[in-house]
Amino acid sequence: MKIGKIIPLFFVLSVLFFYIEPLDAGAIRIRCASTTSTQNSGFFDYLLPKFEKKNGIKVDIIAVGTGQALEIGKRGDVDLVIVHSKEDEIRMVREGYFVERFNIMYNDFIILGPSDDPAGIKGLKTAPNAFRKIAASGKSFMSRGDNSGTHKTELKIWQEAKIDPREKRWYIEVGQGMENTLRVADQKRGYTLTDRGTWLSTKDRNRFNMEILVEGDPLLFNQYGIMAVNPSKHPHTKYREAKVFIDWIVSPAGQKAIADFKDRQGNAIFIPNAK
């Protein structure tokens, strides 16, 4: 190698050494696939430093829809998942992809729409009745369309309403996370289903011109669960460290941390309910 090439290379390496933030090589890290609602709400930015300070384990979050999070867990590409599709979670534990499932918290889904409510659903007591009126009106309904927990709940409501919305002109599958779906619904003055946590944590920032029109139906209950990936299927996963996180989040300390996470108006984003 010529000396003229050695000097520039040395200079580049020096710059990298001084200006790239070094990784914490001593930290134990685990990977968690979780819903976009937990990430977008700021929940992990608030919660994880509390856990990491106490236990010295770093948690890296992959925020995707519940369906995708479960698939990532099945492949062993993460160590644990936090999702909200209880029937799928229980089934995958039985199939051996995950070790055990724990309730950790809940909130609820709500149906949003424009303030003038052209479909006339405001105050209805059941979500299927609201969906029927939206369909009859022909007003736009924005679906996440991404196999997330929210999308799965929405499809159950359409099924209860005995309506197949697919290929209807008024039914729009956004194919994105909840916050982007809310933006599209707001822009098109349409209706949508969202979890309350995402609504509370994003409505002021985005200045949405929508309001809650239907809430309180038991069908809209939204339970979150946590599961560790089964190390017998994926021996490379960090089950022991994942279990430390699970034990902490279901403990009184973890449950209190969840209860203390609120929006600017003091509304609880999630309600702890581990047993």
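Trainee: Why is Asn147 called partly exposed?
Mentor: Its relative accessible area is 38%. Buried means under 20% relative accessible area, exposed means over 50%, and partly exposed is what lies in between, with a 1.4 Å probe and protein chains only. The 38% of Asn147 falls in between, so Asn147 is partly exposed.

Trainee: What kind of model do these values come from?
Mentor: This is a predicted model, in which local features need pLDDT of at least 70 and side-chain atom pairs count only at pLDDT 80 or more, while totals for chains, interfaces and linings use all residues. Residues are numbered from 1 along each chain as its sequence is written, and side-chain values use heavy atoms, with hydrogens and water left out.

Trainee: Where does Asn147 sit, and what is its phi?
Mentor: Asn147 lies in the loop between β5 (141-143) and α7 (149-160). Its phi is positive, about 65°, although Asn147 is not a glycine. The element names follow DSSP runs numbered from the N terminus: helices are H or I of at least four residues, strands are E of at least two.

Trainee: What makes Glu167 exposed?
Mentor: Its relative accessible area is 84%. That value is over 50%, and therefore Glu167 counts as exposed. Glu167 belongs to the loop between α7 and β6 (171-173), and its phi is also a positive value in a residue other than glycine, near 70°.

Trainee: What makes Asp204 partly exposed?
Mentor: Asp204 has a relative accessible area of 40%, again in between, and therefore partly exposed. Asp204 is in helix α9 (residues 196-206). From Asp204 to Arg264 there are 60 residues in sequence, and 9.6 Å in space, C-alpha to C-alpha.

Trainee: How is the protein divided?
Mentor: Domain 1 is 3-106 + 223-272, and domain 2 is 108-221. These bounds come from an automatic or database domain assignment. Over C-alpha atoms, the centres of the two domains are 28 Å apart.

Trainee: How do you know that the two domains are in contact?
Mentor: In domain 1, 19 residues are in contact with 20 residues of domain 2. Together the domains bury about 1,400 Å², with 52% of that on carbon and sulfur atoms. Asn40, His84 and Ile269 lose the most area on the domain 1 side, together 28% of what that side buries. Buried area is the accessible area (1.4 Å probe) that two parts lose on being put together, summed over both.

Trainee: What can be said of the protein as a whole?
Mentor: There are eleven helices and ten strands. Of the 275 residues, 47% are buried. The C-alpha atoms fill a box of roughly 75 × 50 × 40 Å along the principal axes. Among contacts with a separation of 6 or more, 74% join residues 24 or more positions apart.

Definitions and conventions:
Contact means heavy atoms within 4.5 Å.
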